[in-house]
Amino acid sequence: MSTPLLRFDSVNRSYRTGDQVVHALRDVTLSIEAGEMVAIMGVSGSGKSTLMNILGCLDRPSAGSYRVAGEETATMDPDALARLRREHFGFIFQRYQLLGDLSALRNVEIPAIYAGRSATARQSRATRLLQRLGLGERLAHRPYELSGGQQQRVSIARALVNGGEVILADEPTGALDSASSEEVLRILEELHAQGQTVIIVTHDAKVAAHAERIVELCDGMVVSDRATRERRVVPPHDVPALAGEAGWADVVARLVEAAAMALRSMASHRLRTLLTTLGIVIGIASVVSVVALGEGARRQVLGELSSFGTNTLDVYPGRGWGDVRAGLARPLSNADAKALGTLDYVDSVTPQIMTTVVLRKGNVDRTTSVNGVGAQFFRVRGYSFAEGQAFDEPAVAMQAQDAVIDGNVQRVLFADGSDPLGQVILVGSVPVRVVGVIAKRHSVFYAEDALNVWIPYTTVMSRLTGQDSLRSVTLRIADLADSKAAEAGVKRLLTTRHGKFDFFISNNDTVRESMEKTTRGLQLLVSAIALISLIVGGIGVMNIMLVSVIERTQEIGIRMAVGARRGDILRQFLIEAVLVCLTGGFAGIALALGFAFAFEAFGGPWKMIVSTMSIVVAFMVSTLIGVVFGFLPARNAARLDPIAALAQ
Ligand code: ADP
Ligand code: MG
């Protein structure tokens with residue numbers, strides 16, 4: 001005798017519930033040949049479903065051996081069992097077990113997807129099967145739009161889509177009216193007539209009568225095994241070759257299918273998807289916006305620092321800001337300034353002195369401070385002129401009564417709109433002639449409404465203050481010179497001239513550095529906070545995915561029963577998590593861009609700079625969150641026991 005197709009040898013299956021052990025199958029020995037039609041009978045609880053599940057490789061014996069075509073199943077791993085279910089077995093359940101979100105056609109296609117068949121091949125086969133079973137008009141219907149009999153025919157088509165050499169039907173007519181039952185039994189007989197092996201579980205003798213052999217179970221034991229009629233000899237059934245795509249193409253095709261399934265599942269649970277995504281949307285939007293705000297602020301500050309003249313040093317008497325002995329220190333003199341101007345790495349230099357005066361023209365007066373500066377002052381500061389020009393060296397030497405004003409002074413003193421150039425204003429009691437107006441500039445360092453008047457420092461000394469010490473000397477370092485070296489050189493020269501170190505230097509390069517450090521630090525801090533919101537979003541995704549795995553246990557069970565590998569389930573949930581997070585990332589970036597646009601449109605103090613880099617990083621981070629936080633739920637799903645999952 002040849003090897004039987006299915007062979008049980010002393011199979012036992014016991015369930016442990018608490019400290020009770022239920023023996024569902026005891027020492028069952030049974031052989032089923034290819035092409036047989038067998039009914040398994042017995043009262044409820046006699047072990048029929050347990051037997052069926054082991055036959056279909058959904059479950060394993062606790063003891064004993066089960067061989068399929070001579071191969072021992074006990075040593076097979078879950079994926080090998082999944083392959084058997086996918087390629088050789090077709091399940092028909094009492095309660096149909098169709099996926100409610102999918103159309104009849106898509107339900108039938110599922111086992112073929114896991115078998116790696118091409119979309120066109122599986123669609124045409126699924127369509128033909130459904131047409132043959134009288135459902136040609138119902139391809140796009142969802143299960144709830146079909147009658148019980150129709151649903152059961154969909155599940156028969158699903159069992160046959162990969163060939164279905166062995167059809168396992170567990171109480172297939174249990175939920176059907178008699179007409180539908182007859183129809184289903186007729187189909188099963190037809191399949192048997194074509195050479196398929198058909199095993200039906202039933203407690204109904206009338207149903208069992210359709211089979212040619214009846215195996216009766218009682219309390220998990222085979223109590224009778226008899227033929228009802230002569231075995232119909234059918235030509236050996238030729239199983240259609242499974243045209244799975246080979247290698248990489250197969251992997252890619254399955255990934256594409258998994259993504260498509262994930263998208264369909266997301267689309268059919270829009271609210272859940274939206275809520276899951278929300279955390280990621282907010283997280284990504286806040287990270288991208290914060291980084292963009294920070295970057296914009298940083299560039300603004302640095303831009304303004306460099307518009308102050310490239311690199312300047314301010315030299316003050318005393319040992320630091322607020323030094324009480326500054327008055328006692330030897331003041332900085334004009335000669336000091338001149339000496340500093342001779343240094344190679346000094347581009348230009350200006351003494352500075354300041355005093356408070358009343359500014360007057362006609363009947364308008366304002367109290368303000370007036371700046372006494374050298375001719376090079378405007379070059380040192382990098383100011384440009386809207387009108388006229390600066391006073392020159394000879395003018396400074398001659399204590400000329402010339403003045404440069406800014407736009408604010410122009411607005412206040414020349415409110416009549418007359419051209420200020422050449423006009424005379426009073427600085428204290430000294431009449432001066434306006435020779436230039438500097439161009440307005442936008443800067444956070446530049447008080448918008450301050451009134452600025454610059455006149456030669458010599459004029460301030462002789463006409464306004466009567467003293468000859470300077471408040472400070474400001475010098476602009478040559479563009480290519482090193483600012484630290486220049487600072488050291490200035491310090492050396494002045495120390496030699498003064499005989500001691502009684503001054504201090506403020507370097508705007510240092511200001512720039514500390515500004516940069518501060519903005520970086522702030523940016524890091526805020527980004528860290530935004531990052532925390534991302535992590536919270538990720539945990540939200542994980543949370544909802546974990547719940548969704550529980551909610552979808554039955555779906556997972558069905559997928560496994562029709563042959564999904566653990567990897568297929570893992571991939572499906574992982575891809576779903578990644579897609580949810582990517583969608584969230586996409587929406588978050590869009591939100592951040594919208595915010596940046598609004599920020600500018602509604603007059604934000606600076607521009608938000610959303611860099612390509614931050615967009616790329618945002619996408620990578622959201623993918624990563626999907627993978628990291630999706631993994632646990634996906635693994636839980638993949639580890640579900642198909643039987644337990646189906647029992648839900
Ligand atoms: P049938 O399908 O003939 O009604 P089953 O095979 O479902 O019977 O069950 C056989 C016996 O095993 C029953 O006593 C049932 O209570 C028990 N049983 C089945 N499944 C489980 C399980 N997962 N855990 C514990 N006991 C189970
Ligand atoms: Mg049962």
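**Aromatic cluster, helix crossing and a buried serine**

Phe377, Phe378, Tyr383, Phe385, Phe391 and Trp454 form one aromatic cluster. The model is predicted. A pair of aromatic rings is described by the distance of the centres and the angle of the planes. In total, 14 aromatic pairs are counted. One of them joins Phe377 and Tyr383, with ring centres 5.9 Å apart. The planes of Phe377 and Tyr383 stand at 75°, and the pair is edge-to-face. Both partners are buried. Phe377 has a relative accessibility of 3%, so it counts as buried. Tyr383 has a relative accessible area of 16%, so it is buried as well.

A helix crossing was examined next. Helix α10 spans residues 334-341, and helix α15 spans residues 483-498. Their axes come within 11 Å and cross at roughly 140°. Therefore α10 is oblique to α15. The crossing of these two helices is right-handed. On the α10 side, the contact involves Ala335, Asp336, Ala339 and Leu340. These residues meet Val490, Leu493, Leu494, Arg497 and His498 of α15. By class, the contact between α10 and α15 has 6 nonpolar residues, 1 polar residue and 2 charged residues.

Ser289 lies in another helix, α9, which covers residues 270-306. The relative accessibility of Ser289 is 9%; because buried means under 20%, Ser289 counts as buried. Which residues does Ser289 contact, leaving aside its neighbours within four places in sequence? Ser289 is in contact with Ala592, Phe595 and Met608.

Conventions
Residues numbered from 1 in each chain as written. Chains lettered and ligands numbered in written order. Predicted model: local features only at pLDDT ≥ 70, side-chain atom pairs only at ≥ 80, totals over all residues. Heavy atoms only, no water. Axes fitted to C-alpha atoms, helices over the stretch in contact; angles between N-to-C directions. Helix = DSSP H or I, 4+ residues; strand = E, 2+ residues; numbered from the N terminus. Parallel < 35°, antiparallel > 145°, perpendicular 65-115°, else oblique. Left-handed = near helix turned anticlockwise from the far one by under 90°. Contact = heavy atoms within 4.5 Å. Nonpolar A, V, L, I, M, F, W, Y, C, P; charged D, E, K, R; others polar. Buried < 20%, exposed > 50% of the residue type's maximum accessible area, 1.4 Å probe, protein only. Phe/Tyr/Trp six-rings, centres within 6.5 Å; stacked < 30°, edge-to-face > 60°.
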